[in-house]
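Visitor: Please show me the model, and then take me through a few of its residues.

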Amino acid sequence: WGADPGVFHHGAEMRRHYRAALGLRDEQFVVLSLGRLVRKKGISQLIQALPQLLAAAPDSVCIVAGAGP
């Protein structure tokens, strides 16, 4: 289950490229949920936790991407 994180590690240059494309600064904390948008993936729990995240790190960004069933 899940994906090998090593497959997605492409170095600092690519990280900077994608952050710039999304309008994100290097120092911003980003939470990314990428996958099927179904209940068992727990996206609702992530959304419920956002106020706590933003209280601790107000400059944080949450990105949810995927497709439904």
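Visitor: In which strand does serine 33 lie?
Guide: This is a predicted model, in which local features need pLDDT of at least 70, side-chain atom pairs count only at pLDDT 80 or more, and totals for chains, interfaces and linings use all residues. Residues are numbered from 1 along each chain as its sequence is written, and side-chain values use heavy atoms, with hydrogens and water left out. Strands are DSSP runs of E, at least two residues long, numbered from the N terminus. By that numbering, serine 33 lies in strand 1.

Visitor: Is serine 33 buried or exposed?
Guide: Buried means under 20% relative accessible area, exposed over 50%, and partly exposed in between, with a 1.4 Å probe and protein chains only. Serine 33 has 18% relative accessibility, so the class is buried.

Visitor: Which residues does serine 33 contact, leaving aside neighbours within four places in sequence?
Guide: Contact means heavy atoms within 4.5 Å. With those neighbours set aside, the partners of serine 33 are Ile43, Leu46, Ile63, Val64 and Ala65.

Visitor: How far apart in space are alanine 65 and leucine 34, C-alpha to C-alpha?
Guide: Alanine 65 belongs to strand 2, residues 61–65. Beyond four places in sequence, this alanine touches Ser33, Leu34, Gly35 and Leu37. Alanine 65 and leucine 34 are 31 residues apart in sequence, while their C-alpha to C-alpha distance is 4.9 Å.

Visitor: Why does alanine 65 count as partly exposed?
Guide: Strand 2 holds alanine 65. The class is partly exposed because the relative accessibility of alanine 65 is 27%.

Note on methods
Helix = DSSP H or I, 4+ residues; strand = E, 2+ residues; numbered from the N terminus.
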